[in-house]
Amino acid sequence: MRFPAAILLLLLAALTGCRAMPAPLKLEPVKTDAIIAKAAAHDLVPVGKYDPSIRQDLRYSTTSNVFGRVLYPAGFPALATGPTAKKLAAANRALKPHGLRILVLDAYRPPEVQWQLFQMFRDDKFVADPRKKWSKHCYGCAVDITLTDLSGQEAAMPSTFDDFSKKAAARYTGTDPAIRRRITLLQKAMTDAGFSLYEDEWWHFNDLTRPALLNGPPTHGATIGLPSSN
Ligand SMILES: [Zn+2]
């Protein structure tokens with residue numbers, strides 16, 4: 001049987017593309033301090049570096065995510081670029097007088113994990129397609145966050161994290177006045193601090209003040225001491 005040349009070329013391109021994508025991370029626990037030390041050389045710092053009251057609950061470190069799968073090794077810290085962490089601290093400061101605090105659900109995301117996410121959910125409205133461009137999470141200049149009260153109790157928001165539906169939209173169309181107040185305060189604090197909203201996900205904020213960063217390659221997990229599975 002003979003394949004037309006165009007189909008053969010397409011097959012080859014697809015195979016080459018797949019080979020270029022990274023393998024998943026190993027899931028054995030890692031030493032947080034060692035990762036933080038290595039990440040510093042790549043302009044990635046803990047998200048709470050400038051405000052330790054910012055907490056993290058990385059949903060991909062657990063099965064509490066839409067995929068029901070652990071994707072980050074235990075001990076993996078929430079990281080962001082230095083300027084992004086500074087802006088997050090400014091937003092948290094603005095929220096505290098309202099009795100609210102930032103909880104980070106995802107921040108720097110190793111390209112190894114981005115590729116896995118895309119393979120599980122191939123809709124680049126919600127998961128950026130690495131074959132076109134890497135997610136801003138892979139550069140440490142995007143954060144997924146929600147709010148807690150000052151005691152750390154998670155607040156109700158328009159939807160759960162990674163609810164890939166219309167309820168996830170940044171523009172709240174529900175009727176709960178408490179949720180409306182919180183999402184308005186969150187968006188004002190984040191935009192005042194220099195972040196931009198993402199219209200399809202209320203929890204996602206971009207720090208686009210260094211566009212040149214996005215022209216280069218993202219930082220792979222392997223570079224900061226997160227071994228991959230091959
Ligand atoms: Zn995000």
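The structure is a predicted model, in which local features need pLDDT of at least 70 and side-chain atom pairs count only at pLDDT 80 or more, while totals for chains, interfaces and linings use all residues. Residues are numbered from 1 along each chain as its sequence is written.

**Overall build**

Let us start with the elements. The protein has 5 helices and 7 strands, where helices (H or I, at least four residues) and strands (E, at least two) are DSSP runs numbered from the N terminus. Read from the N terminus on, the order is α-α-β-β-β-α-β-α-β-α-β-β. The radius of gyration is 19 Å, close to the 17 Å that the globule rule gives for 230 residues, so the protein is as compact as a globular protein of that length. Here the radius is taken over C-alpha atoms, and the rule is 2.2 Å times the number of residues to the power 0.38. Along the principal axes, the C-alpha atoms fill a box of roughly 70 × 40 × 35 Å.

Of the 230 residues, 36% count as buried; that takes 20 or more other C-beta atoms within 10 Å of a residue's own, with exposed meaning 12 or fewer, partly exposed lying in between, and C-beta atoms placed from the backbone. Among contacts between residues at least 6 apart in sequence, 75% join residues at least 24 apart. A contact means that two C-beta atoms, placed from the backbone, lie within 7 Å.

**The five-stranded sheet**

An open sheet of 5 strands has the order β2-β4-β5-β7-β6, with mixed pairing. Its edge strands are β2 (55–56) and β6, each pairing on one side only. Two strands pair if DSSP finds at least two bridges between them.

| Strand pair | Sense | Bridges |
|---|---|---|
| β2 and β4 (residues 100–106) | parallel | 2 bridges |
| β5 (residues 142–149) and β7 (residues 201–206) | antiparallel | 3 bridges |
| β6 (residues 196–198) and β7 | antiparallel | 3 bridges |

Gln56 has Val104 in β4 as its bridge partner, and Val143 stands opposite Phe205 in β7. Tyr198 is bridged to Glu201 in β7, and a hairpin of 2 residues joins β6 to β7.

**Helices on the sheet**

Helix α3 lies across β4 and β5, running at about 145° to β4. Helix α5 also packs on the sheet, where it touches β4, β5, β6 and β7, and its direction makes about 135° with that of β6. Axes are lines fitted to C-alpha atoms, for helices over the stretch in contact, and angles run from 0 to 180 degrees between N-to-C directions.

How do the two helices meet? The axes of α3 (residues 82–95) and α5 (residues 177–193) come within 8 Å and cross at roughly 140°. That makes α3 oblique to α5, given that angles under 35 degrees count as roughly parallel, over 145 as roughly antiparallel, 65 to 115 as roughly perpendicular and the rest as oblique. From α3, Lys87, Ala90, Ala91, Ala94 and Leu95 meet Leu185, Ala189, Met190, Asp192 and Ala193 in α5.

**A loop residue**

Asp162 sits in the loop between β5 and α5. Is Asp162 buried or exposed? With 22 C-beta neighbours inside 10 Å, Asp162 counts as buried. Leaving aside neighbours within four places in sequence, Asp162 is in contact with Asn65 and Val66. Gly152 is 10 residues from Asp162 along the chain, and their C-alpha atoms are separated by 21 Å.
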